[in-house]
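Subject: Structure for you to look at

Dear colleague,

Here is the structure I said I would pass on. My notes follow below.

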Amino acid sequence: LILALFVYFFTNVGTSALLAAHPSVSHEYLYMLLAGYAALLVTRQEGDMAIASARNAILAFLVLSALCLLWRPELELIRGYKGLIPWLDVRYTGLAIHPNGLGPIVVVFLLCVWARPYRARWINVAAWIIGGASLLLSQSKTNWVALLVCALCMAYFRNRERLVHRFFDFRKPGAPVSALVAAMVATAALGMLLLFGGVGERLTGFLHSGTGTDLMSFMGRRQIWEAAVDEWANNPVFGYGLTIWDEAHRARIGIPEAFQAHSQFFQSISSSGSLGAAGLAAYVAALFWYTLKTTAATGGLSLALFLLIVIGAISEVPLEMTGFGMEQLLHLLTLMVIASRCAPENSPAATRHAPLFRPLRARHVHQD
């Protein structure tokens, strides 16, 4: 994973900074690489501390955002927004730069609270309330989906033995049969609703509305992606350079709001060309491999964080390597969680500290 991180940096930062159509050199290009290597050297105890530290820091950030909302609401709310919730016409930014930047931070916070809950029950309840409210008010649909996927992942791996014992014990077929019948009833109800409930007409009307048009065009990102492809076509090997999406480039393409490619893939091919895309693919593959190796030991947390990166990469740039800020929190935390659980199970380093989660043991079925 250390080698893969270097390959990713070399292909997406090093070659692009020196060999792209618009070369540039900055000390800021080194920060994330150094932080990434530091994250990969944590011990098991330090990995647990990192989760708790991220949880506490984001909670303080969300509480401070809520207090500032009471003080100056016009600075944290985007009004006149028409989203999927009819009665909610605002988007909550908090102290983040944008609601889409607040969303993944909140999802990371909720996953950390789940993995490392507070000792006091009332703090956990308050943390889930402020986190859930912040995510709902941000109206970040991508992160709504991400939270659902990550929660299902965490729930499965934290209760895997119990679920396997309950749903795959053929001596007790009640649970799987009930689940199958419920799925059949739900499918039949959905089919009846689609056929006779007028859902098709409503869906057509929604897609022809302003909100539906934005949704089908990925909230206007398609124009940015087309500009990214054009830059890749002009410089297919090394890309435009790391200064892409700066003020001069945005003025030239006529998209002043495009501060990034709004996609990890399009960001790589536009700034670093085909070489950058190849490095991105290699790094994601290595990250996925070590995620799978550590999923059980982390109770699904490593896989949940990886899925959050993948979902966010569709419309954002969660693996950005040319800066250092809150946007890099998810990437660094994922590296720390994975690295802290990569030691072999029979090594002294692996047994020095307790596992992040203790798997639930299924009760033994006594034979007559």
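At what angle do H4 and helix H6 pack, and how far apart are their axes? The angle between H4 and H6 (residues 141-158) is about 15°, and their axes are 10 Å apart. Axes are lines fitted to C-alpha atoms, for helices over the stretch in contact, with angles from 0 to 180 degrees between N-to-C directions. H4 and H6 are therefore roughly parallel (angles under 35 degrees).

This is a predicted model, in which local features need pLDDT of at least 70 and side-chain atom pairs pLDDT 80 or more, while totals for chains, interfaces and linings use all residues. Residues are numbered from 1 along each chain as its sequence is written, and side-chain values use heavy atoms, without hydrogens and water.

Helices are DSSP runs (H or I, at least four residues), numbered from the N terminus. In the contact (heavy atoms within 4.5 Å), the H4 residues include Val 107, Leu 110 and Trp 114, and those of H6 include Leu 147, Met 154 and Arg 158.

Helix H15 (residues 329-339) has 10 of its 11 residues buried (under 20% relative accessible area, 1.4 Å probe, protein chains only). Among the elements covering the buried residues of H15 are H4 (99-115), helix H3 (44-71) and helix H13 (264-294).

Ser 16 lies in helix H1 (residues 2-19) and is buried, at a relative accessible area of 0%. Leaving out residues up to four places away in sequence, Ser 16 touches Pro 23, Phe 238, Gly 241, Leu 242, Ser 271 and Ser 272. From Ser 16 to Thr 243 the C-alpha distance is 9.7 Å, across 227 residues in sequence.

Regards

Note on methods: Helices (H or I, at least four residues) and strands (E, at least two) are DSSP runs, numbered from the N terminus. Buried means under 20% relative accessible area, exposed over 50%, partly exposed in between (1.4 Å probe, protein chains only). Angles under 35 degrees count as roughly parallel, over 145 as roughly antiparallel, 65 to 115 as roughly perpendicular and the rest as oblique.
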